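Here is a briefing on how two ligands sit in a protein. Look at the residues that touch each one.

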Amino acid sequence: MSTDAPIKEYSHPAGGWGSVKAVASILVQEHVALHGTQVLMHQNKPDGFACVSCSWAKPADPHLFEFCENGAKATAWEITNKRVDAQFFETHTLSELESWSGFELESQGRLGAPMRWDPASDRYVPTTWEDAFADIASELRAMDPKEVVFYASGRASLETSYMYQLLARMYGSNNLPDSSNMCHESTSVGLVPAIGAPVGTVTLADFEKADCLFFFGHNTGTNAPRMLHQLQDARKRGVEIITFNPIRERGLVDFANPQSPVEMLTPGATQISTQYHQVKVGGDAAAIAGLCKLLIEWDDEAQRNGTPRVLDAAFIAEHTHGFDEFAAAMRATTWKEIEGHAHLSRATLEAAAREYARAKAVIVLYGMGITQHRSGVHNVQMLTNLLLLRGNIGRPGAGICPIRGHSNVQGQRTVGITEKPELAPLDRLAELYDFEPPRDKGMSTVEACRGVLDGKVKGFIGLGGNFQVATPDHHVMDPAWRKVRLTVQIATKLNRSHLIHGEVAYLLPCLGRIEIDRQASGDQAVSVEDSTACIHGSHGYVEPASEMLLSEPAIVAGLANALLPRNPRVDWDAWVDDYAKIRGAIEQTYPDQFRDFNERFWQPGGFHRPIPACERKWKTPNGKANFIVPETLDEDADMPSTGPDVLRLMTTRGDSQFNTTVYGLDDRFRGVTGTREVLLMHRDDLTRLGFAEGDAVCISTLSNDGITRELDGMRVHAFDIPQGCMMGYYPECNPLIPLYHHAKSSLVPAAKSIPVRLRKSSGG
Ligand SMILES: Nc1nc2c(c(=O)[nH]1)N[C@H]1C(S)=C(S)[C@@H](COP(=O)(O)OP(=O)(O)OC[C@H]3O[C@@H](n4cnc5c(=O)[nH]c(N)nc54)[C@H](O)[C@@H]3O)O[C@H]1N2
Ligand SMILES: Nc1nc2c(c(=O)[nH]1)N[C@H]1C(S)=C(S)[C@@H](COP(=O)(O)OP(=O)(O)OC[C@H]3O[C@@H](n4cnc5c(=O)[nH]c(N)nc54)[C@H](O)[C@@H]3O)O[C@H]1N2
Ligand SMILES: [Mo]
């Protein structure tokens with residue numbers, strides 16, 4: 001391989017000096033070097049601001065620098081000195097901007113003033129907030145509320161999110177899809193019948209008591225790097241960490257704490273995973289079935305021999321239902337099936353099962369490698385099955401830990417952002433605000449996309465995010481978006497969703513969470529919920545990017561005032577004047593969850609929302625935790641066709657991005673430099689299929705609807721990944737995902753298991 005090859009093995013630990021260099025360079029790139037370092041000192045501190053990057057827990061006793069490399073990048077990205085001004089839009093038509101990459105678009109800096117698309121010039125032109133609200137409201141009034149979608153990306157605060165769902169419902173719509181529909185919806189749908197709670201059951205305190213962690217499908221070093229501190233501490237106590245991931249992700253291999261002088265100056269990286277199993281993409285259900293089968297059979301043997309039981313029989317008898325059926329299914333599953341689907345040997349799985357059986361308290365953690373599959377919901381339930389076998393839920397040091405994505409994605413659902421009416425407190429809202437909320441089911445993300453395709457969606461409002469890019473099937477969807485009557489995007493940075501717009505289009509710029517939010521009663525704070533159901537306060541530190549910006553609550557209130565008839569029970573303006581009043585309204589709506597909200601939200605470490613499963617109270621119809629038998633262990637069971645030339649493509653994030661926001665083209669930990677247009681595959685697959693390292697290829701999806709989905713000009717490279725699997729980057733590969741290719745029942749796009757073929761690129 002030549003020295004400037006784009007793919008080289010990265011042999012340093014995660015963190016370390018590489019991390020320090022990366023933080024310094026993003027501060028310079030965003031022109032905020034000195035100022036940025038001061039701001040970073042407040043990140044994730046009990047009296048500071050909640051990082052806008054990931055949702056990992058924020059400890060009560062933080063480190064001096066309670067931020068990671070990627071959190072620092074997200075901060076620099078938001079407080080950048082770069083601005084998109086009116087002159088920028090005078091210079092560029094939207095058709096021209098369509099040829100720009102997402103990276104180039106967002107690199108222009110922060111949006112500064114409300115804009116309306118002018119069809120005659122194909123440009124965004126300045127407008128006033130009053131005119132924007134009035135025109136949007138008059139468009140919405142002419143529509144059936146059931147044809148309007150209110151999307152939320154998971155970053156907006158609890159306060160904004162509560163107001164946003166109320167606006168949608170008072171208008172008459174439950175169409176409240178959010179980013180979790182593409183993310184942990186498989187968790188919400190999978191956990192409820194299993195343990196009667198849609199969220200995880202562990203807090204930071206459990207990490208100190210666990211003696212074994214099982215990790216599935218999460219790239220921690222990149223996507224929740226602060227957790228490496230908990231993992232490092234756990235390793236120092238001798239805790240076993242057993243990882244299942246097709247790729248040897250650097251952060252799960254070893255870590256040098258960039259905040260520890262000793263580790264920075266000596267080669268003192270901590271080994272993170274004690275066992276690393278490179279499971280085949282889509283092979284987790286089979287691997288977990290292997291673990292369960294072993295535990296159940298060892299327990300059978302113990303009963304025969306009169307030796308100590310392997311399973312927690314008392315817990316199973318008192319707390320669970322469905323064990324016999326599940327155990328029978330696991331006993332009947334053959335090793336041929338398990339080893340075939342998981343691509344792991346029985347001996348390997350025995351090593352992992354032995355640690356599980358030995359451990360007194362096990363936490364299972366997981367990410368998108370589990371949820372973004374057609375079998376995503378079953379995958380999640382296989383994890384709970386595994387935990388229930390030894391009573392590893394609802395006691396200290398044990399439990400299930402879905403690692404959430406956006407910094408308030410879990411909280412948005414908590415305060416009513418959901419398309420499923422049964423999950424929202426509709427009776428309570430009706431009583432509090434004297435209106436009749438819609439009771440019919442709204443559209444999820446995939447259903448909203450289908451609605452756009454069918455012409456059923458007439459209006460789309462995006463509270464943050466980059467919906468048109470984050471969702472599947474761009475080639476099919478882009479033309480359909482043009483026929484939507486109204487698109488409104490509330491955003492901080494320019495992205496492609498602002499260009500793939502409807503007949504009437506608005507771009508409404510808002511304050512970011514790190515900016516000072518001044519309202520009538522003074523500077524305002526907001527709140528967010530982390531992955532462990534702890535709720536934290538956050539207030540801004542830097543001057544707003546422009547005087548014209550409104551806060552997200554003010555934008556929602558502006559829309560509500562223009563659209564809805566006066567309602568004496570909801571004083572939107574008073575809420576904007578003083579956000580404590582919004583928190584008061586949230587507490588009135590959810591008195592058990594948000595008791596003394598205004599007093600408690602600055603508590604160091606946040607306050608923990610009560611989750612019944614943590615106390616072994618199972619809010620399931622039968623009052624038990626349920627073992628659930630998976631339909632199949634075969635991810636490809638209903639594939640159109642499979643064959644030796646078909647590979648499974650997983651699309652993941654690199655080290656220099658936050659979702660569709662790309663900060664740079666390198667993916668340091670995976671050794672990829674200067675490009676994202678690559679497909680990483682096993683060396684034997686590369687040669688078997690007749691390609692050489694670095695060849696340009698055309699990749700196409702095996703579709704079953706006659707539509708061609710392909711990307712030409714991608715480069716293939718050999719990589720340490722199981723045979724038959726391939727990795728590409730999100731969002732570059734999203735045009736390859738058919739809209740119909742999603743998890744059953746949760747409808748999460750199956751972004752981690754796309755059946756594809758390769759051929760030589762037409763360009764050479
Ligand atoms: N810096 C940064 N932080 C982020 C984000 C970001 O983009 N940048 N995004 C945020 C959001 S919204 C989310 S949802 C999370 C996402 O965080 P992750 O859940 O880590 O998401 P991905 O980057 O998609 O990585 C998925 C991981 O699963 C593995 N994987 C893929 N397929 C399989 C499989 O079939 N089985 C198993 N066992 N593993 C598999 C991949 O190798 C990869 O390690 O991170 C959040 N935090
Ligand atoms: N192929 C593939 N597709 C995926 C995934 C995958 O792994 N593979 N992952 C899925 C997942 S897990 C998720 S969560 C989704 C993410 O989907 P989204 O949440 O829709 O996308 P983001 O890229 O996070 O949105 C970035 C934009 O948000 C805006 N923004 C940033 N901060 C703020 C703010 O404070 N307020 C407002 N109003 N706007 C703000 C900026 O304009 C920025 O351009 O993508 C999904 N799509
Ligand atoms: Mo996510």
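The side chain of Tyr151 places an N or O atom 2.6 Å from an oxygen atom of ligand 2. Glu106 has a side-chain N or O atom 2.8 Å from a ligand 2 oxygen. The model is predicted.

**Ligand 2: contacts and cover**
- The backbone also takes part: an N or O atom of Gly465 lies 3.1 Å from an oxygen atom of ligand 2.
- On its own, ligand 2 has 940 Å² of accessible area, and the protein covers 96% of it.

**Ligand 2: shell**
- Helix H25 (467–470) and strand E16 (486–491) each give two or more residues to the shell.
- Around ligand 2 are 33 residues, and Tyr151, Glu552, Thr660, Tyr730 and Asn734 come nearest.
- The shell holds 13 nonpolar, 14 polar and 6 charged residues.
- Ligand 2 lies between domain 1 (110–183 + 408–577) and domain 3 (647–760), because both give residues to its shell.

**Ligand 1: contacts and cover**
- The side chain of Asn245 has an N or O atom 2.7 Å from an oxygen atom of ligand 1.
- Arg653 brings a polar side-chain atom to 2.9 Å from a ligand 1 oxygen.
- A backbone N or O atom of Asn223 is 2.8 Å from a nitrogen atom of ligand 1.
- Ligand 1 alone exposes 920 Å², of which the protein buries 99%.

**Ligand 1: shell**
- Ligand 1 is surrounded by 30 residues; Asn245, Glu249, Gly282, Asp284 and Asn659 are the closest.
- They divide into 9 nonpolar, 17 polar and 4 charged.
- Domain 2 (203–403) and domain 3 (647–760) each supply at least three shell residues.

Notes. Residues are numbered from 1 along each chain as its sequence is written. Chains are lettered from A and ligands numbered from 1 in the order in which they are written. This is a predicted model: local features need pLDDT of at least 70, side-chain atom pairs count only at pLDDT 80 or more; totals for chains, interfaces and linings use all residues. Side-chain values use heavy atoms; hydrogens and water are left out. A residue is near a molecule or strand if one of its heavy atoms lies within 4 Å of it. A polar contact is a pair of N or O atoms within 3.5 Å; within protein, one must be able to donate a hydrogen and the other to accept it, and residues adjacent in sequence count only if both atoms are side-chain atoms. Accessible areas come from the Shrake-Rupley method with a 1.4 Å probe; for residues, only the protein chains shown count as cover. Ala, Val, Leu, Ile, Met, Phe, Trp, Tyr, Cys and Pro count as nonpolar, Asp, Glu, Lys and Arg as charged, and the others, Gly among them, as polar. Domain bounds come from an automatic or database domain assignment. Helices (H or I, at least four residues) and strands (E, at least two) are DSSP runs, numbered from the N terminus.
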